[in-house]
Amino acid sequence: MKLIIAIIKPDRLEAVKQELYKADVNLITVNEVLGHGRQMGITEVYRGVKEMGNLLRKVRLEIAVNEDFAEPTIQAIIKGAQTGETGDGKIFVLDLAECIRIRTEERGGVAIG
Amino acid sequence: MKKFLTCLILIGFVMAAAGVVYAQQAKEATSSSAQVSQASSAGGALAAREGKAGYPLAGGASLPEGATRVPVGSDSAPAAREGKAPTASLPEGATRVPVGSDSAPAAREGKAPTASLPEGATRVPVIDTGDTAWVLVATALVLLMTPGLAFFYGGMVGRKNVLGILMQCFTILCIVSIQWVLFGYSLSFAPGKGFWGGLSWAGLTGVGFTPYQDYAATIPHQLFMAFQMMFAVITPALIIGAFAERMKFSAFIIFMVLWATFVYDPVCHWVWGVGGWLKDLGALDFAGGTVVHINAGIAALMTAIFMGKRKGATNKAILPHNLPFTILGTALLWFGWFGFNAGSSLGANGLAVNAFVVTNTAAAAAGLTWTLIDWIFNDKPTMLGTATGAVAGLVAITPAAGFVSALSAIIIGMLVSIFCYMAVALLKPKFGYDDALDVFGVHCVGGIWGALATGLFASRAVNPAGGDGLFFGNPKQFFIQAVAVGVTVAYSFLASYIIYRVVNLVVKVRVQEKDEIMGLDLTQHHENAYTIME
């Protein structure tokens, strides 16, 4: 089992969701986060006071998948989120030790899908 | 089953309202002729009317001999102004003068029946304090509508664009206020038979504190100017909703200055200015159905078509980020609209009360109707739908407010929600234009219905200075209304399109794609409306 965490641009979320549905990945968790990578933030000005290089709004996805779904999920996220510019985001893939469905107390691979 | 029942209730409601109105019409038809003849035969009544309009008669020739003159409308006789004419001072048999009754023709038109003045009587324009106080307040009420509109629209856009909307509304408030004082008022209202009014009143030359009789005989001319200024402000602000979330701020400013000058000012002159050809034709527009709503609504459609869809609106609806803002804005609009419509009587009189009552009635009927439409077709009644309906009702009653009765207002209100819902939910998806906040669907469609409805439901029993509509035996009025609508639609669309093209040559009207994605707040104004964390 893998836990896939992806940080993407907010306006790509819809496209990523569509790609994930096409890859039969229907269960995702989404967070709004602030982030700062290579892409520079926009300077904000409040009554003449400048706020330099603020953090940018990003969307963070968390998807738990079984091994054979890991690569299709990664490909779907890339397909939906890639624009070719700085700030497209990152995908992190982690090993997942356990997964429990609370309603049935099922464990492991069956609990993920 | 529930849907079926709701449907039945809705239909029953419409039928009952229609029944009451037609019964009322029959009654009015008989009584209105009596009222009119009474008003024209009783010389005393007309004399008092004149007094109310601010022209105390010298000599009092039209009063029966020996009658003590009741100084109506002057400050020294508050009793008379409140309608408590001291009957004791009238000789027996003298007709009691109904001050401020509905039979008094509209001061709005400023067409005091000069013919009834006895020869040799001098007319001195006198400022009526009550009228002036009311129009001052009404002017402030209309001003409040523009920030109200900002919140109405601001709540419906994404949260990355809310400041952009508020900023555009406030900027228009600033720009048009200046434009109006410098030359806008003159172009719109200076007397003249041409394309617009000319520059004789530019910089408010000659626009002082004595009343200008052809516009408002009892309030300072400059107050009339200020009242009209607020209309000139909110009209371009209405268009913002169509190109929301994608217009460059610099292009926006140029577009609006040109639009206010070359579209609003001429159309305003045609409909309301002395010498305006639609006014001379007999078109009725009490508070701005054609000048404000159709005018802005059709320009909105033009910008929506030629600017193209918002990024992200192609396969998915862009959801409102803060509906409570929208409802707050609706409330401010509804409140301000009392100034807009009831203030358009330009006096504290029965006509203002009629406009006030029908405004509220139509908004209520339209809000309720949209609630039911949502309930029937979309499973649940929605807050946004109800608010949209109320605004549509306010739009529709605007041209009719001084000419129709409260019962007609119910019909006008109910039907406007049906028409606007069809425009928003059926027409827009079919043609695929991205009128972001439904300016065309609500303001243009609602305005057209209101202007035509004025030609149907207008009644001299409500306002003798107005006209009778189709349902009161005058089909010609409906035709005149249709002409006014057609002319406004055609001119506004074409002129707005030319302005749009010109501006697009100078500055690209639409923001760059990456700026649109980032949002107008950050890219156009370097500000963020909301923080995620401190």
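**Cores and contacts in a two-chain model**

The largest nonpolar core of this predicted model has 152 residues, and Ala300(B) and Ile412(B) have the most contacts inside it. Such a core is a set of buried Ala, Val, Leu, Ile, Met, Phe, Trp, Tyr and Cys residues joined through C-beta atoms within 7 Å, where buried requires 20 or more other C-beta atoms within 10 Å of the residue's own. Helix H6 of chain B (residues 221-239) supplies the largest share of this core, 14 residues; helices are DSSP runs (H or I) of at least four residues.

Not counting residues up to four places away in sequence, Ile412(B) touches Ala362(B), Ala396(B), Ile397(B), Ala400(B), Val404(B), Gly450(B), Ala453(B) and Phe457(B). Contact here requires C-beta atoms, placed from the backbone, within 7 Å. Another core, of 16 residues, lies apart from the largest one and includes Ala15(A) and Ile63(A).

In chain B, helices H9 (residues 289-307) and H14 (residues 439-457) pack at about 145°, with axes 8 Å apart; axes are fitted to C-alpha atoms over the stretch in contact, and angles run from 0 to 180 degrees between N-to-C directions. Among the residues making this contact are Ala300(B) of H9(B) and Gly450(B) of H14(B).

The contact between the chains takes 10 residues from chain B and 9 residues from chain A.

Residues are numbered from 1 along each chain as its sequence is written, and chains are lettered from A and ligands numbered from 1 in the order in which they are written. Local features need pLDDT of at least 70 and side-chain atom pairs count only at pLDDT 80 or more, while totals for chains, interfaces and linings use all residues.

Terms used
Helix = DSSP H or I, 4+ residues; strand = E, 2+ residues; numbered from the N terminus. Contact = placed C-beta atoms within 7 Å. Buried ≥ 20, exposed ≤ 12 C-beta atoms within 10 Å, placed from the backbone.
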